[in-house]
Amino acid sequence: MARQKYRAVLADLDGTINRGDQLIPGAAETYSRLSEKGVKWIFVSNSARRLAHQLAEKINRLGLSVSQGQVINSASALLDEISRAWIGAKLYVVGEPPLVRGIADAGGVIDQSHEKVDIVVVAMDSNFNYDKLNTAFQFLRKGALFWATNLDTTFPTEGGFVPGSGAIVAAISAAIGRQPDKVFGKPHSDMARLALRRLNLTPSECLVVGDRMDTDVLFARNSMMDAALVFTGATTREHLLHYNFRPEYLFDDINGIQELFEEENK
Ligand SMILES: [Mg+2]
């Protein structure tokens, strides 16, 4: 039997596996067929509105049977960094309640009444307001590190696109006059490192599948992995002309990746 080139798929969610609350046709079948062949799957999402285990529950509700360990989001990478190097650090968090609780559970100390904090974390926050903008600004002025979960300026909802984490980061950046010191989401490779640790594989054994050039395909390149771009989300074939890089593979949808795992094709 010819050996498969890839042993794992790192799949983006929105625009690749699902659109909102709907699975993309055939995604569940592709997932189970490749899983039966021994291919490992990790789902990588920039969203930090939920923690990874909550995202796993959502994927299960959509009809894809995944374990908690198969889901990594930008919050996972952030919490991993805190639990490995920043236990006891004081943080101010612009973010949704699950992220705030997750940071506290990972060992960060959250208290808005501090004079100074070590790190200001900025994520999607549906209750973002002037007071939070000012608090983040004041802490950053006093020398706090500036971390962002991800820089996606919008994200899709049932009712269409809405402003995302990147828009909030941009507001804070504009006030303080500098960009974040660290970003955990795609295209940065933190989530890939986390995935490789879980999979115990090398980058060349992994295939990234996603619908965006500037996050998914760049994420693959930054992580030394091959990429397959699918046209079920944010990118059309015409968009490709605007980029001076290309993914290794182009497919109409995620079902196309099955041909990369057929033994006779090697
Ligand atoms: Mg996507």
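These are my notebook entries on one predicted protein model.

**Entry 1: ground rules**

I count residues from 1 along each chain, in the order its sequence is written. Since the model is predicted, I take local features at pLDDT of at least 70 and side-chain atom pairs at pLDDT 80 or more, while totals for chains, interfaces and linings use all residues.

**Entry 2: the whole chain**

I started with the secondary structure and found eight helices and 15 strands. Helices (H or I, at least four residues) and strands (E, at least two) are DSSP runs, numbered from the N terminus. The radius of gyration came out at 19 Å, close to the 18 Å from the globule rule for 266 residues, so the chain is as compact as a globular protein of that length. Along the principal axes, the C-alpha atoms fill a box of roughly 65 × 35 × 35 Å.

I then looked up burial, and 46% of the 266 residues count as buried. A residue is buried if 20 or more other C-beta atoms lie within 10 Å of its own, exposed if 12 or fewer, and partly exposed in between, with C-beta atoms placed from the backbone.

Contacts were next on my list. Two residues are in contact if their C-beta atoms, placed from the backbone, lie within 7 Å. Among contacts between residues at least 6 apart in sequence, 66% join residues at least 24 apart.

**Entry 3: two domains**

The domain assignment gives me domain 1 (8-46 + 186-264) and domain 2 (87-183). Such bounds come from an automatic or database domain assignment. The C-alpha centres of domain 1 and domain 2 are 28 Å apart. How many residues of domain 1 are in contact with domain 2? I got four, and they meet six residues of domain 2. On the domain 1 side of that contact I noted no nonpolar, three polar and one charged residue. My classes: Ala, Val, Leu, Ile, Met, Phe, Trp, Tyr, Cys and Pro are nonpolar, Asp, Glu, Lys and Arg are charged, and the others, Gly among them, are polar.

**Entry 4: helix 3 against helix 7**

Two packed helices are described by the angle between their axes and the distance between the axes. For helix 3 (residues 74-85) and helix 7 (residues 190-199), the axes come within 9 Å and cross at roughly 80°. The axes are lines fitted to C-alpha atoms, for helices over the stretch in contact, and angles run from 0 to 180 degrees between N-to-C directions. Helix 3 and helix 7 are therefore roughly perpendicular. My cut-offs: under 35 degrees is roughly parallel, over 145 roughly antiparallel, 65 to 115 roughly perpendicular, and the rest oblique.

Which residues meet here? From helix 3 I listed S74, S76, A77 and D80, and from helix 7 D190, M191 and L194. The residues of this contact divide into three nonpolar, two polar and two charged.

I found a cis peptide bond between K186 and P187, with omega about 10°. P187 sits in the loop between strand 12 (182-183) and helix 7.

N200 is not a glycine, yet its phi is positive, near 55°. I placed N200 in the loop between helix 7 and strand 13 (206-210). N200 counts as exposed, with 10 C-beta neighbours inside 10 Å.

M224 also has a positive phi, near 60°, and comes just after helix 8. Its loop runs between helix 8 (213-222) and strand 14 (226-230). Is M224 buried, exposed or partly exposed? It is partly exposed, with 13 other C-beta atoms within 10 Å.

Seven of the 10 residues of helix 8 are buried, so that helix is largely enclosed by the rest of the structure. The buried ones are M213, T215, D216, V217, L218, F219 and A220. Their cover includes helix 7, strand 13 and strand 14.

**Entry 5: two single residues**

G88 lies in the loop between helix 3 and strand 6 (90-94). G88 is exposed, with 9 other C-beta atoms within 10 Å. Leaving aside neighbours within four places in sequence, G88 is in contact with G107 and V109.

V121 is in strand 8 (residues 119-122). With 29 C-beta neighbours inside 10 Å, V121 counts as buried. Not counting residues up to four places away in sequence, V121 touches L78, L91, V93, V94, G95, I103 and W147.

Note on methods. Rg over C-alpha atoms; globule rule 2.2 N^0.38 Å.
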